[in-house]
Amino acid sequence: MKKVLMGNHAATLGAALARVQVVAAYPITPATQIVELIAEMSAKGTFPGKFLRVESEHSAMAALLGAATAGARTFTATSSQGLAYMHELLHWVSGARLPVVMVDVNRALAAPWNLWTDQTDSLSQRDTGWLQFYCATNQEVLDTVLMAYKVSENLLLPSMVMLDGFTLSHVYEPVDVPDQKAVDAFLPPFKPAAFLDVKNPGAFGSLETPKPYFRLRRRIAVDMDRAEALVEQVGADFERSFGRGYGAVESYRSQDADVSLVCSGAVGSTAKQAVDELRAEGHAAGLLRFRLFRPFPAAALKRLTRPDMKLAVVDRNYSPGHQGIFCEEIKASLYATERRPEVYGFVAGLGGGDITVELLKEIWHEVKAGTADPVSPLWMEEAR
Amino acid sequence: MKPSISVDELMTSGHQACQGCGATLTMRYALKGLGPETVVVLPACCWTIIAGAAPRCSIGVPLLHAPFAAAAAAASGVKAGLSARGDGRTTVMAWAGDGGTYDIGIQALSGAADRDEDIIYCCYDNEAYMNTGIQRSGGTPSGAWTMTTPGKEGSERPKKDLDAIMEAHRIPYIATATPAYPEDMVRKFAKAKTIKGFRFIHVLSPCPPGWKYDTADTVKLSRLAVQTGMFALYEIAEGRFKLNLNPAKRKPVGEYLKPQGRFRGLKPDAEAAIQAEVDARWALLSQRHARGT
Amino acid sequence: MPRLKDEPLSTPVVTPSARPMSENPTGDWRSVAPRIDAEKCTGCLLCWKFCPEACVDVAGEVPRIDLHYCKGCGVCATECPAHCVHMSEEAAS
């Protein structure tokens, strides 16, 4: 059924359709409405799971650690400072191999205070063992929540689903809300092999010595290694069920492009328009939009690029003392390829600054003209 | 003679506690009161070690290890998860030390109590961070030496009145216990099991290396804590206050303090101040007992 | 190629620790051992009740302390009202 939904409500409906059993969440701008709608649906009896109104994000994720170890399908949502506050539990939940799904509304980290979109919050959690998905539309937010459960419960690793603060979270878009029966067919109930069971007592998370700990970490590595292909496969399954397909990286008019913009999140939508305008002006422009960041989609990147293609990577995030985070990871991933595309980094829109069609076209021309720097990112500001 | 408490043992021998550990007696009695349909949630504390390393465990009920600050929140989640899967019966107990309760865990504890989560929270209070080697916590009493209150005078701050903080949350059940009174402790856990909502049990748990006394004196000190009035055995069920043991004549606090090396630096005036505090506290407790609220 | 000898997928994802710690005999922690004087024992069960190791067996007439686990803390000796538990060097036990 078509509905006009803000990104936050698309996230909530995704969780409800996934028949989530336990939600523990704490309000934070700009993710608050995800939690508010869950509370409202719970009060009306239309939300399938239990809702714990916890006193902090640390406790939100700790409660999901408990609920998921008890064998329940779990969900939460947060943003920025809240995600940073959860950090300890993010490692714990992935180490415990719990398929928690969380929505993070991308927002800049303080200081100074800033409420607007920026991916540094989620990207600074890249080493916590969570899969990371970045969405470009509200439809994709709802769909990705459903796919994330399927992927996570197969891998027994948690997933984070990102949408841009305000740009998507508070913007209304038409969303095709799938039928519950179709979702149930796509996503069967979560059936963990091991859970807290008084008939079969055991301890979860007991001290491990270096050798078994090392092997458990390598087991995570092995499962992460198969995650990219699984994401592609689940995206194809989703298309068969719902008519909308998703891969790890979306390629738009990039097959014959000499310079491709590389974006993630809602900028991916703006970038399509920039590419269309550049094409109309006679330029061979393309776009690669990263949906998946963890595991890093190295196979898709290799498949979708050519050695004679230049990449203009636009990062709405920054690792101080280095580069934009997508850019550094793309460079690192291509390093092992003998003939590889040239990669140029651009940092733009930190703290919610607009990344406009004009700015993206300017970035494209910087690379095309050979004026971009292959080592240090160019910091690009919108002219207005 | 007929045993006064259950002979069923859910805590196994071979655990990793120090000799004479009060926290093991506490777990032994708690599980006798609760029985096998219990899940224990354990933040970082001495029991993280006592429970044992993989692949073994020293209690015969399911156990979830959790981060230091997370006991009450993780236990809330376990209860919600079990209920969501159709198990409304199993008792869920958070089991934390004083550091994990008075200090780093107090936010999650307050949140869970405020939500009146259907869990038991037991603080086994050995009055310092013992697992990391005796550092001061909010549960350390005034005058006690620790590695972070190393002066002769010991801790300059009094013990935080956590029971009062918990009472302010208006939860259905609060009880105190200590291992010298096993029947009292087992009864309190068994009673807590039958109550719905947030239940808080505070156990004073003597620690030979941390308190610096002979390992043989654990139960003796636990008993002296009650006989001197340093620790009161009471319960508050649905707002009804009841002293479970009201010694006609309390022993002087010195009998409890002197055998403990951690109080070695205590000057006579400091000991007199502790005695005065205990006397004042008992006047209040006796009034409450008489009033029943 | 992985340098570990086993196959990565042979490591289970989650294995709850389900074996009892009673596989871990702690008797060698002990420097002194308790001995119960059966003549004086009144069968009050306090040694059993207050044992932090839960290693006193009270099935028989006189309690039996399992020295595989007893760490020698001496709580039973302190608490025995009949003073019939004696702590002594290992050789004497």
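Two strands are said to pair if DSSP finds at least two bridges between them. The legends below use the term in this sense and describe a predicted model.

**Figure 1. Strands S5 and S7 of chain A pair in the parallel sense.** Strand S5 covers residues 101–106 of chain A, and strand S7 covers residues 159–164 of chain A. The pairing of S5 with S7 extends over six bridges. Within this pair, Asn106(A) stands opposite Asp164(A) of S7(A). As background, strands of a sheet pair through backbone hydrogen bonds, either parallel or antiparallel.

**Figure 2. An open sheet of seven strands in chain A.** The strands follow one another in the order S3-S2-S4-S5-S7-S6-S13, and their pairing is mixed. At the edges are strand S3 (50–52) and strand S13 (292–294) of chain A, each of which pairs on one side only. From one strand to the next, the twist averages 20°.

**Figure 3. Helix H2 lies across strands of chain A.** Helix H2 comprises residues 32–44 of chain A. The strands that H2 lies across are S2 (22–24), S3, S4 (74–78) and S5 of chain A. Relative to S3(A), the helix runs at about 130°.

**Figure 4. Two cis peptide bonds in chain A.** One cis bond joins Ala110(A) and Ala111(A), with omega at about 0°. Ala111(A) belongs to the loop between S5 and helix H6 (120–123) of chain A. Another cis bond leads from Arg294(A) to Pro295(A), where omega is near -5°. Pro295(A) is found in the loop between S13 and helix H12 (298–304) of chain A.

**Figure 5. Ser80(A) and Leu156(A) have positive phi values.** For Ser80(A), a residue other than glycine, phi is near 45°. Ser80(A) is part of helix H4 (residues 80–85) of chain A. Is Ser80(A) buried or exposed? Ser80(A) counts as buried because 27 other C-beta atoms lie within 10 Å, and the cut-off for a buried residue is 20 or more. For Leu156(A), also a residue other than glycine, phi is near 55°. Leu156(A) lies in a loop, between helix H7 (138–155) and S7 of chain A. With 19 other C-beta atoms within 10 Å, Leu156(A) is partly exposed, because this class falls between the buried cut-off of 20 or more and the exposed cut-off of 12 or fewer.

**Figure 6. The contact between chain A and chain B.** Chain A contributes 39 residues to this contact, and chain B contributes 37 residues. On the side of chain A that touches chain B, two or more residues come from each of S2, S3, helix H3 (57–69), helix H5 (87–95) and strand S9 (203–204) of chain A. Which element gives the largest share of this side? H3(A) does, with 10 residues. By residue class, the side of chain A that touches chain B divides into 21 nonpolar, 12 polar and six charged residues.

**Figure 7. A parallel pairing of strands from chains A and B.** S9(A) is joined by two bridges to strand S3 (residues 63–65) of chain B, and these strands run parallel. The bridge partner of Ala203(A) in S3(B) is Leu63(B).

**Figure 8. The overall form of chain A.** Chain A contains 14 helices and 16 strands. Its C-alpha atoms fill a box of roughly 70 × 50 × 45 Å along the principal axes. A compact globule with 384 residues would have a radius of gyration near 21 Å, and the 20 Å of chain A agrees with this. Of the 384 residues of chain A, 57% count as buried. Among contacts in chain A with a separation of 6 or more, 79% come from residues 24 or more positions apart.

**Figure 9. The overall form of chain C.** Chain C has two helices and five strands, which run β-β-α-β-β-α-β from the N terminus on. Along the principal axes, the C-alpha trace of chain C spans about 70 × 25 × 20 Å. What radius of gyration does chain C have? Chain C has 20 Å, whereas a compact globule of 93 residues would have a value near 12 Å. Buried residues make up 37% of the 93 residues in chain C. Of the contacts in chain C with a separation of 6 or more, 69% involve residues 24 or more positions apart.

Terms used:
Residues numbered from 1 in each chain as written. Chains lettered and ligands numbered in written order. Predicted model: local features only at pLDDT ≥ 70, side-chain atom pairs only at ≥ 80, totals over all residues. Helix = DSSP H or I, 4+ residues; strand = E, 2+ residues; numbered from the N terminus. Axes fitted to C-alpha atoms, helices over the stretch in contact; angles between N-to-C directions. Contact = placed C-beta atoms within 7 Å. Rg over C-alpha atoms; globule rule 2.2 N^0.38 Å. Nonpolar A, V, L, I, M, F, W, Y, C, P; charged D, E, K, R; others polar.
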